[in-house]
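Please keep the sequence and the structure in view while reading.

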Amino acid sequence: MQVSDIKKIACIGAGTIGASWASYFLWKGYPVAVQDVTEEALERAKKLIDSNLNFLLGKGLLTEAVLDKANKSVNYHTNIGEAVKDVQFIQESAFENYDVKKALFKDIDEFAPQAIFASSSSGLLISEIQKSSRFPERCIIAHPFNPPHLIPLVELVRGKATSEETLTVAYDFYKAIGKMPVRVNKEVPGHIANRIAMAYWRECIDLVMNGVCTVEDVDLASCYGPGPRYALMGPHLIYHLGGGPGGVKDFINHLGPSVEMWWEDMATWKKFPEGCREVLEKGVLDELAGKTPEELAAWRDEKLVKLLGDLDRLK
Ligand SMILES: NC(=O)c1ccc[n+]([C@@H]2O[C@H](COP(=O)([O-])OP(=O)(O)OC[C@H]3O[C@@H](n4cnc5c(N)ncnc54)[C@H](O)[C@@H]3O)[C@@H](O)[C@H]2O)c1
């Protein structure tokens, strides 16, 4: 298969991530079949997709013509056979559960045996999921970052039986539609970005639980300090600059002993500490000061579009 063979996409599971993926594919001009198990779920998905597309229209990122085409080329199904029968690419975003994802293969094997099956799974192993398919070579993890209609990253993970062709086509496809795919060369829980994010969050929680700072101050320290730099470049380039003319090697030579001392003192726990749920909830409510999560998400999307636009990462 080649990227040009992909003419239509199915989004299986249309919750937070599935509806956002569907919005993205429609924005990029593909007809999309959206599938979920109940009419209510589809109704919710339709509202989300309409709202996402209208947001993009309002930002000048898509035209009235594209919106019109999207409205005409999106279909909603509870029947999976109907949804996948004429697609070449399937983006699966159903519940994060082996039984659910494996069961989906039975129908997909029957109705779309040749389509690439890309699972959005954040933490499951594709080597395990693909065992239930008669065509495991076409199965891959394509893990987005929320919300996938705005955040460019897609982590691609091959399972033991995934073919090189599937990886290449998926990589080229996401790249062609403006995503930033990265290859994960080994299956590890959490792929790349969530492992980094959770190591970071563990230390943030630990700082709060140890009374070093409040929830709000650790959030401020993040987004006014490392945050803006991370939007521009990753840690290796950051510390390469931090090392001066000698680069990353000099950074380690110079600051390495201090960093090792910090590491010595930092959190390594594997279970959320007792009482942290309550402390974090109170801290977040204080920080929100009455703002609702919906208002916060709307503000986030507004700013994300500006930031990604400036960085030339919304294509
Ligand atoms: N939420 C995130 O931040 C995030 C980020 C990246 C990836 N993911 C991954 O995306 C997937 C979906 O997560 P979500 O947050 O959108 O969950 P969600 O609960 O919002 O949506 C899941 C949807 O799947 C539907 N569903 C359940 N069983 C189904 C089936 N058999 N067939 C079709 N649809 C079915 C549910 O009705 C629901 O609408 C998970 O694998 C998750 O790991 C989530």
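## Helices H11 and H12

Helix H11 (residues 235–242) and helix H12 (residues 247–265) approach with their axes within 7 Å and cross at roughly 75 degrees. Axes here are lines fitted to C-alpha atoms, for helices over the stretch in contact, and angles run from 0 to 180 degrees between N-to-C directions. H11 and H12 are therefore roughly perpendicular to each other; that term covers angles of 65 to 115 degrees. Helices (H or I, at least four residues) and strands (E, at least two) are DSSP runs, numbered from the N terminus.

At this crossing, His236, Tyr239, His240 and Gly242 of H11 meet Gly247, Val248 and Phe251 of H12, contact being defined by heavy atoms within 4.5 Å. By class, the contact of H11 with H12 has three nonpolar, four polar and no charged residues. Ala, Val, Leu, Ile, Met, Phe, Trp, Tyr, Cys and Pro count as nonpolar, Asp, Glu, Lys and Arg as charged, and the others, Gly among them, as polar.

## Basis of the model

This is a predicted model in which local features need pLDDT of at least 70 and side-chain atom pairs count only at pLDDT 80 or more, while totals for chains, interfaces and linings use all residues. Residues are numbered from 1 along each chain as its sequence is written, and side-chain values use heavy atoms, with hydrogens and water left out.

## The mixed sheet

Eight strands form an open sheet with mixed pairing, in the order S3-S2-S1-S4-S5-S6-S7-S8. Strand S3 (74–77) and S8 are the edge strands, each pairing on one side only. From one strand to the next, the twist averages 25 degrees. Two strands pair if DSSP finds at least two bridges between them. Strands of a sheet pair through backbone hydrogen bonds, either parallel or antiparallel.

Strand S2 (residues 32–35) runs parallel to S3 and is joined to S3 by four bridges; Val32 stands opposite Val74 in S3. Strand S6 (residues 139–144) and strand S7 (residues 153–158) pair in the antiparallel sense over five bridges, and His143 has Glu155 in S7 as its bridge partner. S7 also pairs with strand S8 (residues 180–184), in the parallel sense and over five bridges. The bridge partner of Leu153 is Met180 in S8.

## Helices across the sheet

S7, helix H7 (residues 164–176) and S8 make a right-handed β-α-β unit. A crossover is right-handed if, with the strands pointing away from the viewer, the path from the first strand over the helix to the second runs clockwise. H7 lies across strand S1 (9–12), strand S4 (89–92), strand S5 (116–119), S6, S7 and S8, running at about 175 degrees to S7. Helix H2 (residues 39–58) lies across S2 and S3, at about 160 degrees to S3.

## Helices H9 and H13

The axes of helix H9 (residues 215–224) and helix H13 (residues 276–288) come within 8 Å and cross at roughly 70 degrees. H9 and H13 are therefore roughly perpendicular to each other. Val215, Glu216 and Asp219 in H9 meet Val279, Leu280, Gly283, Val284 and Glu287 in H13. The residues of this contact of H9 with H13 divide into four nonpolar, one polar and three charged.

Arg277 is found in H13 and is exposed, with a relative accessible area of 57%. In this scheme, buried means under 20% relative accessible area, exposed over 50%, and partly exposed in between (1.4 Å probe, protein chains only). The C-alpha atoms of Arg277 and Ile205, 72 residues apart along the chain, are separated by 9.9 Å.

## Loops and backbone features

The peptide bond from Asn146 to Pro147 is cis, with omega near -5 degrees; Pro147 is placed in the loop between S6 and S7. Another proline, Pro245, lies in the loop between H11 and H12 and counts as exposed at 94% relative accessibility. Its C-alpha atom is separated by 36 Å from that of Glu216, with Pro245 and Glu216 29 residues apart along the chain.

Ala289, in the loop between H13 and helix H14 (293–310), has phi near 45 degrees, a positive value in a residue other than glycine. Ala289 is exposed, with a relative accessible area of 67%. Asp312, in the segment after H14, is also a residue other than glycine with positive phi, here near 60 degrees.

Technical notes
Parallel < 35°, antiparallel > 145°, perpendicular 65-115°, else oblique.
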